[in-house]
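Here are my notes on the model below. They take the sheet, then the cores, then a few single residues.

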Amino acid sequence: MMKAYYKVLATTVLLSSLLVACGSTESGTTNGSAPANTEVDSNKPEDKTNDKSSKETKENKDTKTEGSSSQKLAANIDIEVFVEGGNELRPATLSMSENGYAVYVLEDFTFEAEEPNKDIIHSNFDPEYFVRIEKLDAEANTEEMKKNIMSAYEGNKQIGIHDVPPTDLFIEEFHNADFHILIQDLQTKLDVIYIVSDMHGEKFQFTFFMPHKEAAEGVAPSLWAIARTVIPTGDGLK
């Protein structure tokens, strides 16, 4: 039943294929990674005819260096957003977190620090739609985290608690998640989604806040698309 719920959610409020594909590529971008430089042999004679193609290769080749602060990340790329049953490429701008990761943020969304070691990305149209991102320590006990999250909601008859297989998510990058918990508040009509997933070799916790409003059809897919571009860049501030 929960699997069916996500198939329906993907076409309406959005919860089917952050990240559409772990290895999905479109127009030279892969999971929000930025173009890498292409080296040119200085011993070869200058070939002006190939200047243009050389530049295009330089701009479109992806880098997959994981967890490296020296990683070359483009300032702007196009990322995939799953809307109305298909994928669209939309422009996104690089944001750097002081907590040791980068993320590409779509237009009409704002990235900002929320509290120590956490950031949020919210919709400019309706800030009630947002995702909280936290980079976890390597020794984080994710099983204990899962138990604590679920126990925090137990006993409230107005709240549905669902331990959902990560593979039910339409974002394939999250299929390797340690856990995926859906909290449905029937009184406030709010879905809170907790995901702890490995992103390029480091674990992150994502907490999505998705009100049951008309705007969900456009805003929710964008938040998922943004989340799937997270890539660690270093240890961050202590």
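1. Terms and provenance. Two strands pair if DSSP finds at least two bridges between them. Helices (H or I, at least four residues) and strands (E, at least two) are DSSP runs, numbered from the N terminus. This is a predicted model, in which local features need pLDDT of at least 70 and side-chain atom pairs count only at pLDDT 80 or more, while totals for chains, interfaces and linings use all residues. Residues are numbered from 1 along each chain as its sequence is written, and side-chain values use heavy atoms, with hydrogens and water left out.

2. The sheet. Four strands make an open sheet in the order β3-β4-β5-β13, with antiparallel pairing. Its edge strands are β3 and β13 (231-232), each pairing on one side only. In general, strands of a sheet pair through backbone hydrogen bonds, either parallel or antiparallel.

3. Pairing within the sheet. β3 and β4 (residues 86-97) run antiparallel and are joined by eight bridges. V83 has G86 of β4 as its bridge partner. The two strands form a hairpin with two residues between them. E84, in the turn, has a positive phi of about 50°. Further along, six bridges pair β4 with β5, again in the antiparallel sense. Here M96 has A102 of β5 as its bridge partner.

4. The helix on the sheet. α4 packs on the sheet and touches β3, β4 and β5 (contact means heavy atoms within 4.5 Å). The direction of α4 makes about 135° with that of β3. Axes are lines fitted to C-alpha atoms, for helices over the stretch in contact, and angles run from 0 to 180 degrees between N-to-C directions.

5. Buried means under 20% relative accessible area, exposed over 50%, and partly exposed in between (1.4 Å probe, protein chains only).

6. A225 in the helix. This residue of α4 is buried, at 2% relative accessible area. Beyond its neighbours within four places in sequence, A225 is in contact with I79, E80 and V81. The C-alpha atoms of A225 and F82 are 7.6 Å apart, although 143 residues separate the two along the chain.

7. The nonpolar cores. A nonpolar core is a set of buried Ala, Val, Leu, Ile, Met, Phe, Trp, Tyr and Cys residues joined through side-chain atoms within 4.5 Å. The largest has 44 residues, and I121, F174, I195, F206, F208, L223 and W224 touch the most other members. Elements that each supply at least two residues include β3 (76-83), β5 (101-106), β11 (190-199), β12 (202-211) and α4 (216-227). The largest share, eight residues, comes from α4. Another core, of 15 residues, lies apart and includes M145, Y153, V196 and F209.

8. E114 and R132. E114 is in strand β6 and is partly exposed, at 32% relative accessible area. Leaving out residues up to four places away in sequence, E114 touches D119, I120 and R132. The side chains of E114 and R132 make a polar contact of 2.6 Å. A polar contact is a pair of N or O atoms within 3.5 Å; within protein, one must be able to donate a hydrogen and the other to accept it, and residues adjacent in sequence count only if both atoms are side-chain atoms. Their C-alpha atoms are separated by 8.3 Å, at 18 residues apart along the chain.

9. Q184 and H162. Q184 lies in strand β10 (residues 179-185). Its relative accessibility is 16%, and Q184 counts as buried. The side chains of Q184 and H162 make a polar contact of 2.9 Å.
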